[in-house]
Amino acid sequence: MKRVIIPMLIASSVYAATIDNNATKQDIPPVVKKGVKAIKMLGGELKKNLKAKLQEDKSGLSAIEFCANKAAQITGEINKKLPNGVSVRRVALKYRNPANKPDSVDAKVLEQFQKELDNKTFVKKPLLVDVNGTKRVYVPILVDKVCLKCHGQNIDPKISQVIKKYYPNDKATGFKLGDLRGAMVAEIKESIK
């Protein structure tokens with residue numbers, strides 16, 4: 001199924017990466033592969049560290065401390081390892097960290113993912129967007145059981161207190177299993193090959 005998004009900016013065009021259940025690795029455009037690789041680097045590093053924090057402290061408090069104090073640092077370190085012209089970041093409509101606030105194109109993509117979830121037409125796959133010659137590859141993030149500890153509907157009051165300490169304007173709670181949490185975005189400044 002092809003995604004259709006009306007671009008917010010005339011200079012932007014939006015493409016669904018032509019990846020379906022029958023696609024082979026050869027069918028995936030190189031720019032999408034490059035974006036997904038960058039996203040996996042960041043996602044893997046964040047997940048590894050978060051998992052370790054949750055294992056050492058089941059309460060979840062050290063995981064929040066990690067997110068508040070180290071997630072941006074890890075993102076910066078991963079971006080330094082990526083090739084020139086490639087960067088990766090996280091975005092969400094209901095963001096906790098203001099640094100993850102979406103721009104207008106990000107918001108449109110996230111709204112499209114949400115619409116697909118609501119209409120039960122959602123397929124978790126990369127989405128390729130061209131913004132004035134910069135390619136963006138979006139990979140949606142869905143809420144899993146681990147996310148619910150700090151982003152769910154029934155958050156432990158101790159965890160809520162720590163969240164408020166670091167993020168007084170937090171918008172990232174009230175999620176249920178399978179909800180759209182946000183997206184990882186790789187930006188690639190080169191032409192599609």
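## The largest pocket

The largest pocket has a volume of about 1,600 Å³, a value that, like the others in this report, is computed from a predicted model. Its lining is made up of 46 residues, and those that lie nearest the centre of the pocket are Gly43, Leu46, Lys47, Ile141 and Met184.

Two or more residues of this lining come from each of the following elements: the helices H1 (30-56), H2 (61-81) and H4 (145-151), together with the strands E2 (86-91), E4 (134-142) and E5 (180-188). Helix H1 gives the most, with 13 residues in the lining of the largest pocket.

Asp170 is found in the loop between helix H5 (157-166) and strand E5. Although it has a place in a loop, Asp170 counts as buried, because its relative accessibility is 15% and the limit for a buried residue is under 20%.

A polar atom of the Asp170 side chain lies 2.9 Å from the backbone nitrogen of Ala172. If the neighbours within four places in sequence are left aside, the residues in contact with Asp170 are Tyr95, Arg96, Ile163 and Lys164.

## Aromatic pairs

A pair of aromatic rings is described by the distance of the centres and the angle of the planes. How many aromatic pairs does the count come to? The count comes to two aromatic pairs.

In one of them, Phe113 and Phe122 are arranged edge-to-face, with 6.1 Å from centre to centre and 90° between the planes. Phe113 counts as buried, since its relative accessibility is 0%, and Phe122, with a relative accessible area of 16%, is buried as well. Tyr166 and Tyr167 also form a pair, in which the ring centres are 6.5 Å apart and the planes stand at 50°, so this pair is tilted. Is Tyr166 buried or partly exposed? At 24% relative accessibility Tyr166 counts as partly exposed, whereas Tyr167 is buried, with a relative accessible area of 10%.

Technical notes
Residues are numbered from 1 along each chain as its sequence is written. This is a predicted model: local features need pLDDT of at least 70, side-chain atom pairs count only at pLDDT 80 or more; totals for chains, interfaces and linings use all residues. Side-chain values use heavy atoms; hydrogens and water are left out. On a 1 Å grid over the protein atoms alone, a cavity is a set of points where a 1.4 Å probe fits but cannot get out, and a pocket is an open set with protein on both sides within 12 Å along at least five of seven lines; lining residues have an atom within 4 Å of a point. Grid points are joined across faces, edges and corners, and a volume is the space filled by probe spheres set on the points. Helices (H or I, at least four residues) and strands (E, at least two) are DSSP runs, numbered from the N terminus. Buried means under 20% relative accessible area, exposed over 50%, partly exposed in between (1.4 Å probe, protein chains only). A polar contact is a pair of N or O atoms within 3.5 Å; within protein, one must be able to donate a hydrogen and the other to accept it, and residues adjacent in sequence count only if both atoms are side-chain atoms. Contact means heavy atoms within 4.5 Å. Rings of Phe, Tyr and Trp (its six-membered ring) pair if their centres lie within 6.5 Å; planes under 30 degrees apart count as stacked, over 60 as edge-to-face and the rest as tilted.
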